[in-house]
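Here is a friendly note to read alongside the model. Please keep the viewer open as you go through the points.

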Amino acid sequence: MWRAVLTAALVGAIGLLPWLSRTDPALTVLKARSADRDPTPETLHAIRAELGLDDGPWVLLGRWLGGLLHADAGSSWVSGAPVLPGVVQALGVSLLLMCGALVVAGGTTAAVCAPTLRLGARGRLGARRPGGTVTAVLASLPEFLVASVLASVIAVQLGWLPALGWYGPQWMVLPSLALGLPAGAVLGRMLDDLLPGAFAEPWARAAAARGIPPRSLARQAVRRCVPGLLPNLGLFVIGLTGGSVAVEQIFDIPGLGRLTLHAALAQDLPALQSGTLALVLLAAAAGLLARAAARLLIGPALRDGALQSLHRPRPPAPRTLPLLYGGLLAAVIGAGLPRDPLALDTLARLRAPSAEHPFGTDALGRDVLARISHGAVTTLGTALVVSAAALVAGLLLGLLPRVSGPLADTLSAVPPVLAGLLVTGIAGSGPWTPALAVAVVAWSPLAAHTSSLLRQERATTHLAATRALGAGRWYLLRHELLPAVVPPVTRHALLRLPGVALSLAALGFLGLGAQPPSPEWGLLLAENQPYAERAPWSVLFPAAVLALLGALAVTAAGGVRLPRRRTRPADPAPPPVEHSVPAPRRHPDRPDALLTPVSASQTDER
């Protein structure tokens, strides 16, 4: 019921989007149909009469819902073609692309976790590995930048694979790589965070002592950790289907995300509502499958309370790498702050790095180092605030899985661009509009992670023993559940910090926040992307700084632990009580055995 109410609210809000945006829907439709035609009052009146805009949004929404009962989603306001066949075809394309991206993500996850699996299966895991730089780079690179590099290098320069279109299996390779590499890096770090706890459980130690092959032991450890990742895997499925707008744009793929974006920009209401409804239904199906798979894997253990906690006290993480990455990032920002990020020099366009311009210049002759440094002040500050708010909201809502589960599934089905348009329509455009739009959807993976870990922690044996000793709900929450859930979710939030920063800047580039020439990181990447072949430094240096932020976030997340609780000093032990023990006597049948008498008190204790 809660899921149905949320779906109805989302579809209703999208139905009101043309009126919430405070623009004339007839004017937007006219521009989408023919940009050269003059918007005369007669033309706009004819469009309103054709589309029934004078009847109001609720009448239009009722007509659309009534048509769905007869498998009719209406006709496009722009092209006039039926909406449902186009949505079904775009959904099939997006699902096929999602399958390819999941294959790449699975291979990337396996590569990230391979060292931990190899050491853990052989009983030599020990302390946590201090690595993660390569994973951080993969997780922090934007998808559209990966797609642009793959298209320009592999498709254009080397000619190994086609770059544009959607005509066969060969056209799937590059888009699947662009989508699957960042997603696999994030999933790999999350799985790598759970594996040491699985290898430390009694069953793993017993299996290793009995000589079980390391490959079989590693496979069972992965099976033990997968249920904790299934909710986020479902969210990744939705993100790969509806959130791959940039990749579909670069490779010219007729997917559902691209269809929804074009419908939102053109205010093509029937196509927008139908595409969003398809994404919401896909999100509900993915969430149900994820919960069913988790119940299939560890359902009996959850029912009987027979699990072990995967989150044990972590050894102190090395501080060398976080200090190194943090120092490099601070040095880059400090070196560029004294420079003017808006100074134009048309005679110095696209110049290579030099002593005067260490990071080169862009297409307008502006210093790239200055723009990176000044953009870091606003981009990183806003990203930290949004990430902290998303972490708090994810933890609080994750404690209420029946409320947050359907809400997270529904919101995850909304592409970030569409969320930005909805927030802009309600709150208006401004510098904080991207932050609000990203915060609306950024908490959902953290809430899903919290709910999954909490469900498994509630089924652990030590929690059952603590509850049997008389501990109440608040004691269990404060002293047992939160210490096991908060650190991994916090590390997850830090892992997503570069993505939050990029989403903020990307929405600003779409006109939903700060406008050019604002020196935001997403604007730098998008503005300089057309010049990547002629002046690669204009894209490589912003991407390198973003990757440096990801490396700092990942390595710093490795040391996230809750502080140890102070314990009261133990009471002095009572003085030992001396008991008179009779001398031992010999066994009548076995002279080499001794019999020790048992006192009455010891008999009662036994």
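Is R349 buried, exposed or partly exposed? R349 counts as partly exposed, because its relative accessibility is 38%. The scale is this: buried means under 20% relative accessible area, exposed means over 50%, and partly exposed lies in between, with a 1.4 Å probe and protein chains only.

1. Ground rules. The model is predicted, so local features need pLDDT of at least 70 and side-chain atom pairs count only at pLDDT 80 or more, while totals for chains, interfaces and linings use all residues. Residues are numbered from 1 along each chain as its sequence is written, and side-chain values use heavy atoms, with hydrogens and water left out.

2. The chain overall. The secondary structure comes to 26 helices and two strands; helices (H or I, at least four residues) and strands (E, at least two) are DSSP runs, numbered from the N terminus. Of the 606 residues in the chain, 49% are buried. Among contacts (heavy atoms within 4.5 Å) between residues at least 6 apart in sequence, 75% join residues at least 24 apart.

3. The core. In the largest nonpolar core there are 71 residues, and L195, W521 and L549 touch the most other members. Helix 16 (residues 368-398) gives the most to this core, with ten residues. A nonpolar core here is a set of buried Ala, Val, Leu, Ile, Met, Phe, Trp, Tyr and Cys residues joined through side-chain atoms within 4.5 Å.

4. Helix 9 is largely enclosed by the rest of the structure, because 24 of its 27 residues are buried. Helix 9 (residues 173-199) also bends by about 30° at G180, and the proline P182 follows within four residues; the bend is the angle between axes fitted to the seven residues ending there and the seven starting there. Helix 13 (residues 256-266) is likewise described as largely enclosed, because eight of its eleven residues are buried. Among those buried residues of helix 13 are L256, R258 and T260. Q267 follows helix 13 and has a positive phi, near 55°.

5. R349 sits between helix 15 (320-336) and helix 16. Leaving aside neighbours within four places in sequence, R349 is in contact with T361, D362, A363, L364 and G365. R349 and T361 are twelve residues apart in sequence, and their C-alpha atoms are 6.2 Å apart. L350 is in the loop between helix 15 and helix 16, and L350 counts as buried because its relative accessibility is 9%.

6. Positive phi values. Most residues other than glycine have a negative phi. L350 has a positive value, near 55°. A71 has one near 60°; A71 is in the loop between helix 5 (57-68) and helix 6 (83-121) and counts as exposed, because its relative accessibility is 56%.

7. A surface patch. M1, W2, V5, L400 and V403 make a nonpolar surface patch of about 540 Å². M1 lies in the segment before helix 1 (2-15), and M1 counts as exposed because its relative accessibility is 82%. Patches are made of residues with over 30% relative accessible area and no salt bridge, with like charges joined within 9 Å and nonpolar side chains (Val, Leu, Ile, Met, Phe, Trp, Tyr) within 5 Å. A salt bridge is a side-chain nitrogen of Lys or Arg within 4 Å of a carboxyl oxygen of Asp or Glu.

Technical notes. Accessible areas come from the Shrake-Rupley method with a 1.4 Å probe; for residues, only the protein chains shown count as cover.
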